[in-house]
Structures are given as structure tokens and as C-alpha cells.
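Hello,

Here is the structure I said I would pass on. My notes on it follow below.

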Amino acid sequence: MSTGKIAVAGATGRLGLHVVDVLTERGHQVVPMSRATGVDIITGEGLAEALSGVEVIIDVASWHGSEQEAATEFFRTSARRLQEAGRQAGVVRIAAASIIGADKATAGFVAAKKVHEELLLAGPLPVRILRAAQFHEFVGQLLAWRQGDVAYLPALPTQLVACRTVAEELADLATDPDDPAPGTPIPEIAGPRKEIMAEAGRLLGARRGIEVVVVDGAGIPDAEIAAAGGFLPGPHAKLAGPTFLEWLDTQP
């Protein structure tokens, strides 16, 4: 399906770069929105101009840290800005990326995404949400946060998924001409199999010369929910490759 212009909020971020790439490959006219392109979805600078003639907004803008209060404030502001500016510009819908288990979260970044979902859905424009598992790329981020030469990673279950896979699914959702049937659960996308975060870290750490020590997850927000599988995909989720190891073998 060919839509009109599609604006991507967070276009220069980890997921945003893939979304822009996928949409461009499919022949869509893309308006990349980020501070780097002169559009600030928090202050609103350049937003009205960027949304001129836009039919769909894809929101993959994210806060750069894991601290709950700051992330919540970012998402609270961005949701209201995009809804209001989108309404004024005549946008048809917003599609947004979220995290599997956001509805269960009580603390940390994932709880901030829960607020993000709620505020987007409360706005005037129709919203389609795609909940994704943690990205393969997130493992490298965990290693980068280490202190010294050793990374301490939790032995928590996850179902890691490639950013590119999420971008393709989100592009499908954003451009689907048919509205989901009433009562349809929020769609989920995850990798093909369950992984343990610390074991994925060990695979990557071995290639980067970083020692990974497995810890029990204490101190991580909602560790008990995670340990019980609360952030794993539900039965209606779409599972798509590559696995973490397959993805790792394609990385430079």
C-alpha cells in the first residue's frame, strides 16, 4: 500500500534509522524528524512545518537513559506534542513502538513506556502500538554501561529481536489500510527463541574481550516480573529471526 508522507519521530535513533530505511526501500515519502533535522518533539520547534502534508506519524523517539522519572517526563511531553501537532496537521494516525510487558511494569524505563502508551492512546488521533522485545543491539548497550573490564548482567529471560525486524513490522502496522478489529490485543514482535540476557552478553563479550559475570537481577526494576516471564512475548506474538547468534555473525 502506498500512503502519503510518513513522518518518523526519532528518525536518527537506533530503531528510527531502520524505520526510515525500510519505508524508503518501500517507496514511501519519508520526513525524518529529530533534533538533527531541526525538529524537536519536546519543545515543538519545527514540528508543524515537518508535519505539513503528512498522513502517518511513526513514533520511535526515545529517552537516552533508564531513569524512570526523566523518561516518563520525556514520553509525557512527546505524546502530547505529537498528538496535538498531528491533529492540527490533519494526520490520519500515529504508530508507535513500545516494549513487551509495558502493561505489567511498575518501575524503571518500561514503566515510563507504559505511561507513553496510555497518553498516546488518550489523544485525539487513532494510535497503533507495536510492543517489541528487547533489541539484539541492547546487549551491547549493557556491556557499554559496565564499570571497568567486567560487565555484570542478569540471568533474566528475554526473547531478543533484531531492530530491523521490528522496523519492518512497525512499517507494516503503520501503513495497513485496515483498522484492527475491536478487542484485538496489542501486537507483539519478538525473536525466534527465548534467550538469557547474561548468556547473550557472554557471546558478545567474548568477541569484544569483555568478561561477563552473571548476577541474579536483584536491583533491576521489576526483576521478579522479568524472572517469571512477564516480559516474554504472549501467545499472539509474531516471532521472527534472526536469533541473537545469527545476528551477531553478521555484525562487523
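**Helix H3 and its ends**

Please keep in mind that this is a predicted model. Just after H3 comes Gly90, with a positive phi of about 80 degrees.

**Strands S3 and S4**

H3 (residues 68-89) carries the chain from S3 to S4, in a β-α-β crossover that is right-handed. The two strands S3 and S4 run parallel and are joined by four bridges. Asp59 has Ala96 of S4 as its bridge partner, and Val56 is partnered in S4 by Arg93.

How many residues of S4 are buried? Seven of the seven are, so S4 is largely enclosed by the rest of the structure. Arg93, Ala95, Ala97 and Ile99 point one way from the strand, while Ile94, Ala96 and Ser98 point the other way; all are buried. In S3, five of the six residues are buried, so this strand is also largely enclosed by the rest of the structure.

**The other strand pairings**

S3 also pairs with S1, in the parallel sense and over five bridges. There, Val8 has Ile58 of S3 as its bridge partner. S4 pairs with strand S5 (residues 127-132), again in the parallel sense, over six bridges. In that pairing Ala95 stands opposite Arg128 of S5. The chain gets from S4 to S5 by way of helix H4 (residues 108-121), and this β-α-β crossover is right-handed.

**Helix H1**

Which of its residues are buried? They are Leu15, Gly16, Val19, Val20, Val22 and Leu23. These residues lie on the same side of H1, because they cover an arc of only 165 degrees around the axis. As background, an α-helix has 3.6 residues a turn, so residues three or four places apart point the same way.

The buried residues of H1 are covered by parts of the structure that include strands S1 (5-9), S2 (30-33), S3 (54-59) and S4 (93-99), and helix H6 (163-175). On the face turned away from the buried side are the exposed residues Leu17 and Glu25. Just after H1, Gly27 takes a positive phi of about 90 degrees.

**Leu51**

Leu51 sits in the loop between helix H2 (47-50) and S3. Is Leu51 buried or exposed? Its relative accessible area is 0%, so Leu51 is buried. Apart from neighbours within four places in sequence, Leu51 is in contact with Ala7, Met33, Ile57, Ala85, Gly86 and Ala89. From Leu51 to Gln88 the C-alpha to C-alpha distance is 9.1 Å, although the two are 37 residues apart in sequence.

Regards

Key
Residues are numbered from 1 along each chain as its sequence is written. This is a predicted model: local features need pLDDT of at least 70, side-chain atom pairs count only at pLDDT 80 or more; totals for chains, interfaces and linings use all residues. Side-chain values use heavy atoms; hydrogens and water are left out. Buried means under 20% relative accessible area, exposed over 50%, partly exposed in between (1.4 Å probe, protein chains only). The arc is that of the directions from the helix axis to the C-beta atoms. Contact means heavy atoms within 4.5 Å. Two strands pair if DSSP finds at least two bridges between them. A crossover is right-handed if, with the strands pointing away from the viewer, the path from the first strand over the helix to the second runs clockwise.
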